[in-house]
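Welcome! Take a moment to look at the protein below, and then we will walk through a few of its features together.

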Amino acid sequence: MKPADGTAIDTDVAVIGAGPAGLFAAFQLGLQELSVHVVDSLPHAGGQCAELYPDKPIYDVPGWPACSGHELTQGLLRQLEPLHVPLHLGQVVQALQALPSASAEDEAPRWWLQTDGGLDLHARAVVIAAGVGAFLPRPLAVPELQRWEGQQVFYRDPPPAAWLDKRVVVVGGTAAAVQLALRVADSGAASVTLLHRHDRFAIDAELDAQLQSAIGAGWIRLALGQPIGALADDAGQLQALEVATATDERYSLPLEVLLPRLGLHPRLGPLAHWGLALQRKHLVVDATTLQTSQPGLYAVGDITHYPGKRKLIVCAFHEATLAALAITEQLRGAPVPLEYTTTSPRLLARLGRLPTAARP
């Protein structure tokens, strides 16, 4: 992949990951008046906290006797609001490359990032806060479907125009699958079939009632079985799934658009191919600066490894702070003076906490 010409967004720092470590790194960087953009593979902020345990209580976050993953995420987002940091969600960073130096005097490289959503960023530094890796959709175990990905097979929600007046099959028993089937049925599809191994779904009672109502009204058809193959028409277009039932019967399920929703799983993904030093799938960093084996690339949170590393949220906040200060010093070429948000007019102004007349 090559950098796009003239379409990239220039920023001081790009943060990969919108979990607690990434959001707090963005906050600390913003406090230092650096421009920051955050990218995450999930369609919402929060990382593991929001995806794996949004409702479970967390008891070891300072100042919170107990908070859920969702509550912690919302608190971090509110804290970040005054700094106006753009979040680019639902996008996987596929490419990360050093850009050629603009002059011989440039010691640290600038970095180019590109996502699968077509976003291009040029950054002077990058913070990788990828947790246990990018949360990527679980693919169907039907290899031949790969040829239609992005055209008729979509693992991430396409624009509604993709299914308008089309026969759509949604695969999965998760809440995401059921919610998507209901939305597609309500927004212009010619027909919607929800394919699942059995007629029991991992959803709450309210959503189940909505699904049963839609099935009863004929808006959604329920099909039982497991996809085992794909059929193409004479023009090479996907026209049907071959499905096996629990009793080992076979049938063809016609379709024009296929939307598998089998949940997400964490994977290092493209990160494994960026040439960074790894130890057991973790990025090796300097414990004092959180810089990786490449100058200008930093990492914080669960993705990191250094002597004494502990995978705790409170430790990730500490790492995010050290990384932000190290990046600020690298980009400015000077030490960062110690300031407190309780007394610093500059920091209070950044957070919108000073009366207008008192702002510098």
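How are H1 and H3 oriented to each other: roughly parallel or roughly perpendicular? Let's find out, starting with some background.

## About the model

This is a predicted model, in which local features need pLDDT of at least 70 and side-chain atom pairs count only at pLDDT 80 or more, while totals for chains, interfaces and linings use all residues. Residues are numbered from 1 along each chain as its sequence is written, and side-chain values use heavy atoms, with hydrogens and water left out.

## The whole protein

The protein has seven helices and 21 strands; helices (H or I, at least four residues) and strands (E, at least two) are DSSP runs, numbered from the N terminus. Its C-alpha trace spans about 70 × 50 × 45 Å along the principal axes. Of the 360 residues, 46% are buried, where buried means under 20% relative accessible area with a 1.4 Å probe, protein chains only.

## Two helices side by side

Now back to our question. H1 and helix H3 (residues 69-80) pack at an angle of about 15°, with their axes 9 Å apart; axes are lines fitted to C-alpha atoms over the stretch in contact, and angles run from 0 to 180 degrees between N-to-C directions. H1 and H3 are therefore roughly parallel to each other, a label for angles under 35 degrees.

On the H1 side, the contact (heavy atoms within 4.5 Å) is made by Pro 20, Leu 23, Phe 24, Ala 26 and Phe 27. H3 contributes residues including Leu 72, Thr 73, Leu 76 and Gln 79.

## A cluster of rings

The structure holds two aromatic pairs. Rings of Phe, Tyr and Trp (its six-membered ring) pair if their centres lie within 6.5 Å; planes under 30 degrees apart count as stacked, over 60 as edge-to-face and the rest as tilted. The rings of Phe 24 and Phe 27 have centres 5.7 Å apart and planes at 25°, so this pair is stacked. Both residues sit in helix H1 (residues 20-31), three residues apart, or about one turn of the helix.

Phe 24 also pairs with Phe 317: their ring centres are 5.1 Å apart and their planes are at 50°, so this pair is tilted. Here the pair links distant parts of the chain, since Phe 24 is in helix H1 and Phe 317 is in helix H6 (residues 313-332), 293 residues apart. Phe 24 and Phe 27 are buried, and Phe 317 is buried too. Together, ring pairs link Phe 24, Phe 27 and Phe 317 into a cluster.

Note on methods:
Buried means under 20% relative accessible area, exposed over 50%, partly exposed in between (1.4 Å probe, protein chains only). Angles under 35 degrees count as roughly parallel, over 145 as roughly antiparallel, 65 to 115 as roughly perpendicular and the rest as oblique.
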